[in-house]
Amino acid sequence: MVRINKYLASCELGSRRKVEELVNKGCVSVNNLICKDLSTQIDPTNDIVRVNNKIVKYNHQKLFILLNKPRGYVVTKKDEYDRKTIYDLLPEFASKLHPVGRLDFESEGLLLLTNDGNMTNRITHPVYNIEKSYKVIVKGKMEMDKIIQLRNGIQLEKYKTQTAKVYLKNSSEEKSELKITIKEGKNRQIRKMLDAVGHEVISLKRIQIGQIKLDKLPIGSWRFLKDIEILYLLKQTKIKETKV
């Protein structure tokens, strides 16, 4: 038996939070009865589950790939402005995978995709303490007092960022290179943090998620995650599973 949200997430319908919204809105039926109870247990062999009157099938095979996203691509399947999307860079089977977190249009680097909705939720949830590291180049000379502000947390409009690891790699009057590691992943967070201390981002590249590194994967290329990388994610996100 499988809990309804896990069942739907495995059907490649999105993250756990997204599929829970489908249940709450009454979009899901089990054996022709509308299901709004998130505690419902599904028998993948015998139960018939529909979303918006369309039968969805449980997918036991979990796929994980890593893409080195270039600048100028959006992290979505379709774009209203007809911009290039990351799926233009991926094989056909990847159209059923969804991204783990986001990188904005101007950002580049490591992006994970999977059909495991539960894993997506856990990797992006700060309770699991999975760090994301970025190489950032900003305009102007970065002073130590601003680095300390970034490390201690920045008060933005609606929230204060958590503490971060910030290292100055090199600096000149024209630009500074930083390595920033955070556990959160709010929308355009690093850009907002740096803007708050008076530095405009020239380039932003995610280089690592936990122990998974971009390394020398060419820009615009992808690869399957290695078994050891998948085991790392499973181990890292299993520790606090019952607390979420």
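Predicted model: local features only at pLDDT ≥ 70, side-chain atom pairs only at ≥ 80, totals over all residues.

Colleague: Thanks! What covers the buried residues of H2?

Modeller: Their cover includes helix H1 (4–10), strand E2 (28–30), strand E5 (49–51) and helix H3 (117–124).

Colleague: And which residues of H2 are buried?

Modeller: Helix H2 runs over residues 16–24, and its buried residues are Arg16, Val19, Leu22 and Val23. If you look down the axis of H2, these buried residues fall within an arc of 115°, so they line one face of the helix.

Colleague: Why do residues three or four places apart point the same way in an α-helix?

Modeller: An α-helix has 3.6 residues a turn, so residues at that spacing point the same way.

Colleague: Let's step back. How many helices and strands does the protein have?

Modeller: You can find 6 helices and 15 strands in it. The protein's radius of gyration is 20 Å, close to the 18 Å that the globule rule gives for 244 residues, so the protein is as compact as a globular protein of that length. Of those 244 residues, 48% count as buried.

Colleague: How do I read the contacts along the chain?

Modeller: Look at how far apart the partners are in the sequence. Among contacts with a separation of 6 or more, 64% are between residues 24 or more positions apart.

Colleague: What kinds of residues make up the lining of the largest pocket?

Modeller: The lining divides into 15 nonpolar, 13 polar and 13 charged residues.

Colleague: And what volume does the second largest pocket have?

Modeller: Its volume is about 240 Å³. Of the 13 residues that line the second largest pocket, Lys6, Asp116, Asn118, Arg122 and Leu234 are the closest to its centre. H3 gives the most here as well, with 4 residues. By class, this second lining has 3 nonpolar, 4 polar and 6 charged residues.

Colleague: Thank you, I'll look for these features in the model!

Note on methods:
Residues numbered from 1 in each chain as written. Heavy atoms only, no water. Buried < 20%, exposed > 50% of the residue type's maximum accessible area, 1.4 Å probe, protein only. Helix = DSSP H or I, 4+ residues; strand = E, 2+ residues; numbered from the N terminus. Arc of directions from axis to C-beta. Contact = heavy atoms within 4.5 Å. Nonpolar A, V, L, I, M, F, W, Y, C, P; charged D, E, K, R; others polar. 1 Å grid on protein atoms, 1.4 Å probe; cavity = no way out; pocket = protein on both sides within 12 Å on 5 of 7 lines; lining within 4 Å. Points joined across faces, edges and corners; volume = space filled by probe spheres on them. Rg over C-alpha atoms; globule rule 2.2 N^0.38 Å.
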